[in-house]
Amino acid sequence: MKKVVLIDYGMGNLRSVQKALEYVGIYTEKTNDPEKVSKADAIVLPGVGAFKDAVKNLKVSGLWEVILDSINRGKPYLGICLGMQLLLEKSYEFGEEKGFGIFKGEVKLLPTNVKIPHIGWNQVWKTRDSKILGNIKDGAFFYFVHSYHIVPKDEDIVAGFTDYGINFVSCLEKDSIYAVQFHPEKSQKVGIRLLQNFREALFG
């Protein structure tokens, strides 16, 4: 059985994510121990809150470098909400802050002509076939809670988008990196299906 770690850096409701993963057969160890993360076969990084705070917490705990190294070595990664945004080069939330820089691009505030934060159910439209959105209806509704969105430079990583004032990227996939802006653990049956897809990507 592959070892999957759920990164605990003090931001986000980890228990709900852990329970949803367990429901689909992914048993995770919740940890802030860099050594355990280094030895794991896959990483799940959830999170809500400010980008800058997340970077600080990950660096103080020693998790930043080990997560970055793990992703660069091709270890499967699932990023949820803030865990998706951290993959980009930088964010402008409460001042400019550098992210992991796995993908070129920025994290920007949603347009001010819509209510911010974006909270509630909204549709995800597929841009291509992907493992993470497999067997999920195009335009399926997922649950969102966020004020910022990613603006990647490489369109090839985009797997889905959502309309909220603009069309923003709500799902990405590249090799063994999967990330979503919405919360699958709060998205009922369709969220469970997405986590099942992640399990199938991990275990075959």
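Is Asn-32 buried, partly exposed or exposed? Asn-32 is partly exposed, because its relative accessible area is 47% (buried means under 20% relative accessible area, exposed over 50%, partly exposed in between, with a 1.4 Å probe and protein chains only).

## Basis of the model

The model is predicted: local features need pLDDT of at least 70, side-chain atom pairs count only at pLDDT 80 or more, and totals for chains, interfaces and linings use all residues. Residues are numbered from 1 along each chain as its sequence is written, and side-chain values use heavy atoms, with hydrogens and water left out.

Helices (H or I, at least four residues) and strands (E, at least two) are DSSP runs, numbered from the N terminus.

## Surroundings of Asn-32

Asn-32 lies in the loop between β2 (28-31) and α2 (34-39). Leaving aside residues up to four places away in sequence, Asn-32 touches Asp-8, Ser-61 and Leu-63 (contact means heavy atoms within 4.5 Å). Ser-61 is 29 residues from Asn-32 in sequence, and the two C-alpha atoms are 6.9 Å apart.

## Helices α3 and α4

Leu-63, a contact of Asn-32, is also one of the α4 residues that meet α3. The axes of α3 (residues 51-60) and α4 (residues 63-72) come within 5 Å and cross at roughly 95°. Axes here are lines fitted to C-alpha atoms, for helices over the stretch in contact, with angles from 0 to 180 degrees between N-to-C directions. The two helices are therefore roughly perpendicular to each other (65 to 115 degrees; under 35 counts as roughly parallel, over 145 as roughly antiparallel and the rest as oblique).

On the α3 side the contact is made by Val-55, Leu-58 and Lys-59, and on the α4 side by Leu-63, Trp-64 and Ile-67. These residues divide into five nonpolar, no polar and one charged. Ala, Val, Leu, Ile, Met, Phe, Trp, Tyr, Cys and Pro count as nonpolar, Asp, Glu, Lys and Arg as charged, and the others, Gly among them, as polar. Helix α4 is mostly covered, with seven of its 10 residues buried: Leu-63, Trp-64, Val-66, Ile-67, Leu-68, Ser-70 and Ile-71. After α4 comes Gly-74, with a positive phi near 90°.

## Helix α6

Helix α6 (residues 188-203) has 16 residues and reaches 22 Å from its first C-alpha to its last, close to the 22 Å expected at 1.5 Å a residue. The expected span is 1.5 Å times one less than the number of residues. Its buried residues are Val-190, Gly-191, Ile-192, Leu-194, Leu-195, Asn-197, Phe-198 and Leu-202. An α-helix has 3.6 residues a turn, so residues three or four places apart point the same way.

The buried residues of α6 pack against β1 (4-7), α1 (14-23), β3 (42-45), β4 (77-80), β9 (140-146) and β13 (177-180). Just after the helix, Gly-204 takes a positive phi of about 80°.

## Strand pairing

Strand β9, one of the elements that α6 packs against, has a covered face made of Ala-140, Phe-142, Phe-144 and His-146. Its uncovered face holds Phe-141, Tyr-143 and Val-145. β9 pairs with β8 (residues 118-126) in the antiparallel sense over seven bridges (two strands pair if DSSP finds at least two bridges between them). In this pair, Gly-120 stands opposite Phe-144 of β9.

Strand β7 pairs with β5 in the parallel sense over three bridges, and with β10 (residues 148-152) in the antiparallel sense over five bridges. Glu-106 in β7 stands opposite Lys-90, and its bridge partner in β10 is Val-151.

## Backbone exceptions

Most residues other than glycine have a negative phi, and most peptide bonds are trans. Phe-94, in the loop between β5 (88-91) and β6 (97-98), has a positive phi near 55°. Phe-94 is exposed, with a relative accessible area of 65%. Asp-175, in the loop between β12 (166-174) and β13, has a positive phi of about 55° without being a glycine. Asp-175 counts as exposed at 64% relative accessibility.

A cis peptide bond joins Ile-116 and Pro-117, with omega about 5°. Pro-117 is in the loop between β7 (103-109) and β8.
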